[in-house]
Amino acid sequence: QNLGTSLGTLYERNGRPSDLEDSIAMHRRAAELTPDEHRSKPIRLTNLARSLQSRFARTGNVIDLDDAVSTLYRAAEATSDDDMNKHLILVNLGRSIQSRYGENGNLADLEAAISLHRRAIDLALAGDVPHLAHSASLADCLICQFKHTGRLDDLEEAICLLDQTIERMPAGHTDLHSRLSDLASALAHR
């Protein structure tokens, strides 16, 4: 697993595709060798999914995105709701499914992503974990759904989520400008 992560980091720095391919192979092997009941199984599956997402970003091959989604579903299923990291797996899965919606336009994917983001927020709140990024991800999905369906309730909820997220961000937060831009764009749709 550490070799796969190191190769992934190396790929991020130098952009050499062979490092990414090796990272995927190492993460896949680590996940396959880890028994399903082992507590490290979800993280190994998540690491594999991240490498697959990177390859999708590089090549645009939807098969990699589908593989990342199914791998993250397995990671989520292998993680109990009381695990403090489950909300992170669900957000990553939601973002991957939203990316797939961007490729195929299938509203069912977008609805699944929204459901996963809502569940991630609920788990984060239950564990008293900051969830600003989760709320922003949900807002982004809701705006996509509004654009697809024209339902104003989705747009209003997205605006409310972005407004709350901005309100809770400390001054100078690195994502503040992005959230303000997202809110401005959402308000323009009203």
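At what angle do helix α5 and helix α6 pack, and how far apart are their axes?

1. The structure under review is a predicted model. In it, helix α5 covers residues 86–104 and helix α6 covers residues 107–126. The two helices pack at an angle of about 165°, and their axes lie 8 Å apart.

2. Angles over 145 degrees count as roughly antiparallel; α5 and α6 are therefore roughly antiparallel to each other. Their crossing is left-handed.

3. On the α5 side, the residues that make the contact include Leu-90, Val-91, Gly-94, Ile-97 and Tyr-101. On the α6 side, they include Leu-107, Ala-113, Leu-116, Ala-120 and Leu-123. Charged residues also take part, among them Arg-95 of α5 and Asp-109 of α6. By class, this contact has 13 nonpolar, five polar and five charged residues.

4. The second pair consists of helix α8, residues 152–168, and helix α9, residues 176–188. Here the packing angle is about 155°, with the axes 10 Å apart. By the cut-off of 145 degrees, α8 and α9 are therefore roughly antiparallel to each other. The crossing of α8 and α9 is left-handed.

5. From α8, the contact is made by Leu-155, Ile-159, Leu-162, Asp-163, Thr-165 and Ile-166. From α9, the contributing residues are Leu-176, Arg-179, Leu-180, Asp-182, Leu-183, Ala-186 and Leu-187. Sorted by class, the contact of α8 with α9 has nine nonpolar, one polar and three charged residues.

Terms used
Residues numbered from 1 in each chain as written. Predicted model: local features only at pLDDT ≥ 70, side-chain atom pairs only at ≥ 80, totals over all residues. Heavy atoms only, no water. Axes fitted to C-alpha atoms, helices over the stretch in contact; angles between N-to-C directions. Helix = DSSP H or I, 4+ residues; strand = E, 2+ residues; numbered from the N terminus. Parallel < 35°, antiparallel > 145°, perpendicular 65-115°, else oblique. Left-handed = near helix turned anticlockwise from the far one by under 90°. Contact = heavy atoms within 4.5 Å.
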